[in-house]
Amino acid sequence: MSFDALNLHPHILKSIAEAGYTEATPIQAQAIPEAMAGHDLMASAQTGTGKTAAFILPALQRLTEPSLVKSRGPRILVLTPTRELANQVNEAAWKYGKNLRVKTVCILGGMPYPLQNKLLSQPVDILVATPGRLIDHLERGRIDFSRLEMLILDEADRMLDMGFIDDVEKIAAATPASRQTLLFSATLDGVVGNLAQRLLKQPKTIQVAAQQAKHENIEQRLHFVDDMAHKNKLLQHIITDVEVKQAIVFTATKRDADQLAEDLFAQGHAAAALHGDMNQSARNRTLTKMKRGQIRVLVATDVAARGIDVSGISHVINFDLPKFAEDYVHRIGRTGRAGASGIAVSFASPKDGLHLKRIERFTGHNITPHVIVGLEPKRTQRPSGPKPAPKGGFAKRHNAGGAPRTGEQRTFRNNDARPAGSYNKQGGKDTRRTFADRGR
Ligand code: ADP
Ligand code: MG
């Protein structure tokens with residue numbers, strides 16, 4: 001859809017054209033008219049689909065009309081989970097708003113207070129902030145929300161993951177009830193949905209289909225691991241299987257990729273590394289060998305493996321879980337190419353609880369745990385839902401014999417129904433709060 005059809009102010013259209021955009025992305029085409037009509041919004045779409053403009057453009061449109069309230073406080077407030085994101089939003093506000101007279105202020109943790117106090121004492125149109133620091137200023141009475149018209153929550157799910165829920169609610173409570181609220185998130189279910197129910201008024205819901213719908217031909221498996229030695233043994237076991245035609249093993253760092261590729265090579269596997277520190281011709285050589293089948297196990301980092309399209313890849317192994325949930329989707333998409341089926345295996349160590357939770361929330365389903373006989377994990381790591389599992393429930397009925405069996409299929413759609421301690425019969429201690437509370 002062309003931006004011209006969106007009834008935006010000519011000055012906004014001019015900066016969009018100057019940014020080189022010709023067409024609105026699907027999330028923009030759907031969200032902008034609803035937001036301009038004054039509705040609250042719950043919107044979700046994948047990373048990189050242009051969500052920033054989807055909320056900044058209607059916000060800027062509001063600023064083309066004068067405020068009805070006499071005050072110097074912000075008319076638009078954008079909350080983001082991290083400083084980097086706040087800076088991106090700030091830049092976007094500048095880019096799309098440069099032909100309007102818009103004053104944007106960024107309030108982030110780690111910056112000196114005196115400067116922020118000064119910025120806040122001047123007239124502000126758009127305030128972009130991380131919740132923690134904003135609360136500080138709010139509690140000191142330095143922020144005047146009397147003319148606030150729009151509250152925008154960007155990456156709401158990540159804000160909640162980072163433990164900002166109380167801050168977000170407190171900030172929202174300090175703004176006028178008449179405000180318009182836009183919530184953007186990778187997913188809209190679970191806690192995000194609950195938050196939306198409290199903060200939004202009759203919101204319109206916009207969901208642009210996520211990429212996971214394309215991954216139905218990929219079987220996703222989860223292995224809980226105790227430590228590095230356990231990971232290595234599992235990896236050995238898995239790649240030795242003749243079912244593995246070719247595999248990509250993902251590590252967190254370039255050094256780990258090199259090291260692991262060397263180790264696997266030394267163990268007799270046709271393995272090689274692929275990462276961003278290699279020069280382009282070395283990377284191309286490795287990819288060519290992969291395509292010819294001369295390499296069976298490629299050990300790679302996220303950036304280097306983006307977009308690799310090799311039809312022989314039957315397995316993707318997340319030796320380390322990705323830092324960002326969307327990278328999980330990019331990674332597993334390296335297998336199951338061109339209609340083939342594929343298997344994506346993820347290792348989750350005790351410290352990966354939060355990452356696992358994010359991935360599962362992002363893809364909208366929980367990855368099925370698998371256990372290899374003789375290589376069972378010692379501990380349960382998956383963070384569970386808020387309520388303890390009922391005694392004698394699922395776990396007992398289906399798993400009375402001890403550790404789960406290899407290949408056992410379990411998909412827990414609802415956190416509440418997920419049994420605690422079902423992979424671990426030793427004590428069955430409830431570890432759920434450890435992960436849920438982290439980052440507060
Ligand atoms: P998201 O928040 O959904 O992850 P961003 O808002 O950061 O995505 O946008 C991703 C990239 O797409 C940015 O570089 C942005 O400049 C660009 N972009 C946004 N909207 C458009 C558009 N309509 N046409 C072309 N590029 C766009
Ligand atoms: Mg974004």
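This is a predicted model: local features need pLDDT of at least 70, side-chain atom pairs count only at pLDDT 80 or more; totals for chains, interfaces and linings use all residues.
Author: Residues are numbered from 1 along each chain as its sequence is written, chains are lettered from A and ligands numbered from 1 in the order in which they are written, and side-chain values use heavy atoms, without hydrogens and water.

Reader: What makes S2 and S4 a pair?

Author: Two strands (DSSP runs of E, at least two residues) pair if DSSP finds at least two bridges between them. Strand S2 (residues 76–79) and strand S4 (residues 126–129) have four bridges, in the parallel sense, and therefore pair by that definition. Leu79 stands opposite Ala129 in S4.

Reader: Why are S3 and S7 called edge strands?

Author: The open sheet has the order S3-S4-S2-S5-S6-S1-S7, with parallel pairing. Strand S3 (104–107) and strand S7 (204–207) each pair on one side only.

Reader: How do you know that Tyr21 makes a polar contact with ligand 1?

Author: A polar contact is a pair of N or O atoms within 3.5 Å. A polar side-chain atom of Tyr21 lies 2.4 Å from an oxygen atom of ligand 1, so the pair meets that cut-off. For Thr52, a polar side-chain atom lies 2.6 Å from a ligand oxygen atom; a polar backbone atom of Glu23 is 2.8 Å from a nitrogen atom of ligand 1.

Methods: A polar contact is a pair of N or O atoms within 3.5 Å; within protein, one must be able to donate a hydrogen and the other to accept it, and residues adjacent in sequence count only if both atoms are side-chain atoms.
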